[in-house]
Every structure is written in structure tokens, then in C-alpha cells.
Amino acid sequence: MATKILIIDDDSAIRRVLTTTLRAVGFEVVESSRGEEAISLLSVSPFDAVLLDMNMPSMGGLDVCRAVRKVNAEVPILMLTVRNAEDDKVNALDAGADDYVTKPFATRELIARIQAVVRRAQKPVVIDSMIAVHDVSLCGERHLFIKRGVSMHLTRTQFDIVQLLMRFPGRAISHRKILTEVWGAEYRDHVEYLRTYMRQLRKIIEDDPAHPQYL
């Protein structure tokens, strides 16, 4: 079955180029020019990945990304933008994007990035019936993270990070190992990805993110 991609971009010329390129290499492509429409599509139809333009009118790309995450925590999101500042990259990841590509980009690079996020999403979860560390527990099979009896919502990437750390409680794990295990070897030096996700996880898990006890 072909990999199904949703392109969200208000620029019809960009959508046309992306659609033609991706279909030529075997992807199934659906287009959307507005964030609101894309969110509706994601709520009724499964997609393997989303290509999202950051600079959308009306509902901006970051807002669309956050809204998509509320509808579907698992679908990989690849943010496309002409911006290249470090803050923009962090903002994209912080909004829930899994990766970030700056326009203009080489076709080969874009396809490789899409394949990478889809591969990570389809990677089998490490199944542990239950991991418990102090007052938190995790069930890989049911994709559950529980703190003091309360289930907490984690995206696939967040869950993968927590699961890796909980498999080695009390041990220091290098950022390269985490990046390689969760994102892949080609991302082992992308420290900003890990910093952003760790900040997200502290906001979710910690009682006081400024004074973390778990992470």
C-alpha cells in the first residue's frame, strides 16, 4: 500500500510541485490549502505523514500543527518554511512537528526526510508489559504513561523517549544514543530536537518543570 501524505500549503504552485514530485516516487497525495480543512481531513481519514507550511494565512502553521496534534498524536508532521532561524526550528518542534525542512530544499532531501519520519512512526514499539519507576509507570503495549495513577497523554516521539529512559532508570544516557534510538542515526547530532522534546516532557510530567525530579 502506498504511503499516504497530506500536504497543507496555501500556495497552489508549491502544492502542485510537491504533489507531482511525491506521486512520481510512489506516494499517494492529498492536498489542502487551509488548516481548518486539513484538520477535518485528518479527523476522518488516516495519513502516514503531513507536510505543513509554517507560513499559512488565517490559521498559521504552528496553530495548525497544535490542532493536528489534538486530533492525531501519532501522525508524523514535517514542517516546511522559508525561515531558517534557530527559534523557528524550536517553535516548530515545540508545536508538535517531528521534523523541519527549510525552503528551498532538494527533492532528494525532502523524500529522505519523509521516509525517515514515516519509518520512525511505523517502527514497532518496544513491548514491555509494564515498566515502573517510583510513582510512574509505562505500558508499551497499550501506549500508556501513568503518574500517581493518572494517565498522561504523550505523542509517539515523547513516549519513545520516556520508554527509553525508563528502561535504564538512574543511568545517564548520552544525547547521541537517545537521538539515534528515537530519531535514527542521521539525527544523532540534532541536539535541538532533544532539548525541545525534553522541555515538553518536563512540562507534562514534572510537578515543577523548573526543578525536575523525573527527567
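**Entry 1: D98**

I began with D98 and found that its side chain makes a polar contact with the side chain of R69, at 2.8 Å. I note here that the model is predicted. I then looked for another partner: the side chain of D98 also makes a polar contact with the side chain of T157, at 3.1 Å.

Where does D98 lie? I placed D98 in the loop between α4 (86-94) and β5. Is D98 buried or exposed? I read a relative accessible area of 8% for D98; the cut-off for buried is under 20%, so D98 is buried.

I listed the contacts of D98, leaving aside its neighbours within four places in sequence. Among them are V75, P76, I77 and L93. The list also includes V117, R120, W183, Y193 and Y197.

**Entry 2: the parallel sheet**

Next I traced the five strands of an open sheet, in the order β2-β1-β3-β4-β5. Their pairing is parallel. I checked the edges and found β2 (28-32) and β5 (99-102) there. Each has a single partner strand, so one side of each is left without a neighbour in the sheet. The twist averages 20° from one strand to the next.

Four bridges join β3 (residues 49-53) to β4 (residues 77-81). D53 stands opposite L80 in β4. Then I looked for a helix on this sheet: α3 (residues 61-71) packs on it, touching β1 (4-8), β3 and β4. The direction of α3 makes about 175° with that of β4.

**Entry 3: the antiparallel sheet**

I moved to an open sheet of four strands, with the order β6-β7-β8-β9 and antiparallel pairing. Which strands are at the edges? I found β6 (131-133) and β9 (150-152), and each pairs on one side only. The twist here averages 25° from one strand to the next.

I followed β6 and β7 (residues 136-139), which pair over three bridges. The bridge partner of I131 is L138, in β7. Helix α6 (residues 156-167) packs on this sheet and touches β6, β7 and β8 (144-147). I read about 115° between the direction of α6 and that of β7.

**Entry 4: two helices**

Last, I took α7 (residues 175-182) and α8 (residues 191-205). They pack at an angle of about 90°, with their axes 10 Å apart. The two helices are therefore roughly perpendicular to each other. I looked up who meets whom: H175, I178 and L179 in α7 meet V191, Y193 and L194 in α8. I sorted the residues of this contact into five nonpolar, one polar and no charged.

Methods: Residues are numbered from 1 along each chain as its sequence is written. This is a predicted model: local features need pLDDT of at least 70, side-chain atom pairs count only at pLDDT 80 or more; totals for chains, interfaces and linings use all residues. Side-chain values use heavy atoms; hydrogens and water are left out. Two strands pair if DSSP finds at least two bridges between them. Axes are lines fitted to C-alpha atoms, for helices over the stretch in contact, and angles run from 0 to 180 degrees between N-to-C directions. Contact means heavy atoms within 4.5 Å. Buried means under 20% relative accessible area, exposed over 50%, partly exposed in between (1.4 Å probe, protein chains only). A polar contact is a pair of N or O atoms within 3.5 Å; within protein, one must be able to donate a hydrogen and the other to accept it, and residues adjacent in sequence count only if both atoms are side-chain atoms. Angles under 35 degrees count as roughly parallel, over 145 as roughly antiparallel, 65 to 115 as roughly perpendicular and the rest as oblique. Ala, Val, Leu, Ile, Met, Phe, Trp, Tyr, Cys and Pro count as nonpolar, Asp, Glu, Lys and Arg as charged, and the others, Gly among them, as polar.
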